[in-house]
Amino acid sequence: MGAARSRPCTLVVCRGCCCGDAGKHPGYDHDWQLERLRAAAADSAGAFEVRTTECLGPCDQANVIVVQPSAGGRRAGGRATWVGFAMDDDCTEEILTWAAAGGPGVAAPPVTLELQFISPPRAGRVRSRR
């Protein structure tokens, strides 16, 4: 329980079947995006962290990044926020700005980023991890 009390805001970056796929999204540097997110997290003095996961489900809205609240953000009412179509540099920078400011429950998201918020898939629609 101790670690959960101090958990920072976390960016969960989908890198499953469609997200991060140069074949589906040619001309976009998926590796650069992940490197940028990780570098910013390393420079954030622990304000947020980045991790990757397999398919999150809403493949028609790739790339998907879930912004999970910090422990303090969750106590303040923040909930995981799903961002779809997260591919351009502006979106990446807005996610980083929000995470560095504290993320859900702590800081308001950039208004333009809110336009990219998506609903998480229902449990039965998430792809199997087999």
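1. Val-12 stands opposite Val-66 in β3. The model is a predicted one. Strand β1 covers residues 9–14, and strand β3 covers residues 65–68. These two strands run antiparallel, joined by 4 bridges.

2. Now the whole sheet. It is open and has 5 strands, in the order β2-β1-β3-β4-β5. The pairing is mixed. Which strands stand at the edges? They are β2 (48–53) and β5 (117–118). Each has a single partner strand, so one side of each is left without a neighbour in the sheet.

3. Helix α2 packs on this sheet. It touches β1, β2 and β3. The direction of α2 makes about 150 degrees with that of β2.

4. Helix α4 also packs on the sheet. It touches β1, β2, β3, β4 (81–83) and β5. The direction of α4 makes about 155 degrees with that of β1.

5. Next, the helix pair. Two packed helices are described by the angle between their axes and the distance between the axes. Helix α2 (residues 30–42) and helix α4 (residues 89–101) pack at an angle of about 20 degrees. Their axes are 11 Å apart. Angles under 35 degrees count as roughly parallel, so α2 is roughly parallel to α4. Their crossing is right-handed.

6. Which residues make the contact between the helices? From α2 come Trp-32, Gln-33, Arg-36, Leu-37 and Ala-40. From α4 come Asp-89, Thr-92, Glu-93 and Leu-96. By class, the contact of α2 with α4 has 4 nonpolar, 2 polar and 3 charged residues.

Notes. Residues are numbered from 1 along each chain as its sequence is written. This is a predicted model: local features need pLDDT of at least 70, side-chain atom pairs count only at pLDDT 80 or more; totals for chains, interfaces and linings use all residues. Side-chain values use heavy atoms; hydrogens and water are left out. Axes are lines fitted to C-alpha atoms, for helices over the stretch in contact, and angles run from 0 to 180 degrees between N-to-C directions. Angles under 35 degrees count as roughly parallel, over 145 as roughly antiparallel, 65 to 115 as roughly perpendicular and the rest as oblique. A crossing is left-handed if the near helix is turned anticlockwise from the far one by less than a right angle, and right-handed if clockwise. Contact means heavy atoms within 4.5 Å. Ala, Val, Leu, Ile, Met, Phe, Trp, Tyr, Cys and Pro count as nonpolar, Asp, Glu, Lys and Arg as charged, and the others, Gly among them, as polar. Two strands pair if DSSP finds at least two bridges between them.
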